[in-house]
Amino acid sequence: MATERSALFIFFGGTGDLAYRKLYPSMFNLYRKGTLQEKFAVIGTARDKLTDEKFREKVRKSIGSDSKEAEKFISHFYYEAHDVTDQAHYSVLKARAEELDKKYKLSGNQIFYLSMAPNFFGTVAGYLRTEGIVNDNGFSRLVIEKPFGRDFESAKELNESLAKSFKEEEIFRIDHYLGKEMIQNIEALRFGNTIIESLWNNRYIDNIQVTLSESLGVEERASYYDKSGALRDMVQNHIMQIVSLLAMEQPVAFTDSDIRAEKVKALRSLRVYNVAEAATNFVRGQYGAGNKVKPYREEDNVPADSTTETFVAGKLMFDNYRWSGTPFYIRTGKVLADKFTRVDVVFKKPLVDIFAFPGSTNTAPLDTNILTLYIEPKAGFALKINAKNNEQGFQTEPVTMKYLVDPEDSKKTPEPYERLIHDALKGDGTNFSSWQEVSYAWKFVDQIRHVWDLQAPNFPNYTPGSMGPAAADELIERDHRSWVYKLNK
Ligand code: NAD
């Protein structure tokens, strides 16, 4: 049984898609595992008018169980109709919070989860403090969903407004990629293995490739997505987080402050491109028609002349001793060939191929060693190495050593949101984005955006079911390299 944690949760946007689909089921998992037992209570708030009973009914449906255990869990849920812009109404929330704190013996511990449009984040954080809902007895933590701003300036403004009410260590900025099992495994693999970490630098690694490929289109998120685009929606947060975990130096210890310090240091040495560099090192795409998918511009809530990118590929360079000269290639997009996230670490070839002497029968050149981290949907890793094949004569060929998490075991792997809520309860910020990380990521991404905004793109430029526009291949081929994951054409 896990250690019991106590807190009052207030979910703002408590009737939203994310709350019902991810947050409440994750809370239920924490309840089943014992992290939540008797000493917790939940207030769901939103503008909808619901009774506690009606709300519990919806929560019951969302967790998909009406077992005895589920009923006990749901009995801790309460509902308060509350418009977050209505300052006077926070007193009602305060009274409810105090009553539940006493009833469940919560020692003043509070988690405020903002699962709603980001333009409300500052307002809610401010009123929580000014209207006295935040108390000084236990901990008070603010969990906020993405996006954190739409550029550096807006992110800074948002951060300043949050900072008036909450300290940095009380703010938990969700990046659900950081809750994924294999993302957390990057640190275990790197810092738990001499054979990996000793080679993890520009002397032995030729390049690193990060691919976040989505097979779906924008679905019902079109109106949001069209104002965001792939660069803001995927690169600024998820990809930059993955890249900083891959690039960072070894932290002093596996603690949130040590890890954050190293991630920030890595991001500080990421080269921020000038106009010419940004134009050469990043490409964008938008999908047209094909494979029974309608073009992006014909999606509901997307303007017919939208220039929003649904695909990004780019090359990142770190100007530091470890990575100087070793590029990190990234790509992400919608309606691509498949849904997966992976990292391919491409090692340099042996300096001399002793098997290729004049007259050698070994006709195949040595292949590069590649360490692939499968992030999702399958989780695990593979290492491609050269070996002798088991036939007559001497012929080398690449073989792959593979470890994949057993699908049965991965069912036991906690969902990212379960892990992240658990971390917030413990006060562990390792798997959340710090303000400094967010700000460096925006400064990098803003430069790309700035250059793209100078010129209208020639969209659409890729077909659904492909791996993006031809320019994404050209980007890497120009450097005499190629994407490890390719479509078998
Ligand atoms: P949603 O539109 O389904 O829910 C929004 C919630 O906010 C609803 O409960 C609504 O009643 C409430 N709300 C709106 N205006 C309000 C007001 N003035 N006062 C009080 N309540 C108000 O949104 P969602 O999909 O659940 O997303 C919530 C947040 O999570 C957003 O920041 C989104 O970017 C982020 N997010 C969502 C997902 C997802 O899968 N849905 C994934 C990642 C991040």
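Analyst: Two strands count as paired if DSSP finds at least two bridges between them. Helices (H or I, at least four residues) and strands (E, at least two) are DSSP runs, numbered from the N terminus. The model is predicted: local features need pLDDT of at least 70, side-chain atom pairs count only at pLDDT 80 or more, and totals for chains, interfaces and linings use all residues. Residues are numbered from 1 along each chain as its sequence is written, and side-chain values use heavy atoms, with hydrogens and water left out.

User: How do you know that strand E1 and strand E4 pair?

Analyst: Strand E1 (residues 7–12) and strand E4 (residues 110–114) share 5 bridges, in the parallel sense. The definition asks for at least two, so they count as a pair. Phe12 stands opposite Leu114 of E4.

User: What makes E3 and E15 the edges of the sheet?

Analyst: The sheet is open, with 7 strands in the order E3-E2-E1-E4-E5-E6-E15 and mixed pairing. Strand E3 (77–81) and strand E15 (432–433) each have a single partner strand, so one side of each has no neighbour in the sheet.

User: Why is Ile43 called buried?

Analyst: Buried means under 20% relative accessible area, exposed over 50%, and partly exposed in between (1.4 Å probe, protein chains only). Ile43 has a relative accessible area of 0%, so it is buried. Ile43 belongs to strand E2 (residues 40–46), and its C-alpha atom is 6.7 Å from that of Glu80, 37 residues apart along the chain.

User: Why does His238 count as buried?

Analyst: The relative accessibility of His238 is 1%, so it counts as buried. His238 is in helix H9 (residues 222–247). An unreviewed UniProt entry annotates His238 as "active site"; such annotations may be inferred rather than shown by experiment.

User: Why does Ile354 count as exposed?

Analyst: Ile354 has 59% relative accessibility, so it counts as exposed. Ile354 lies in the loop between strand E11 (340–347) and strand E12 (370–376).
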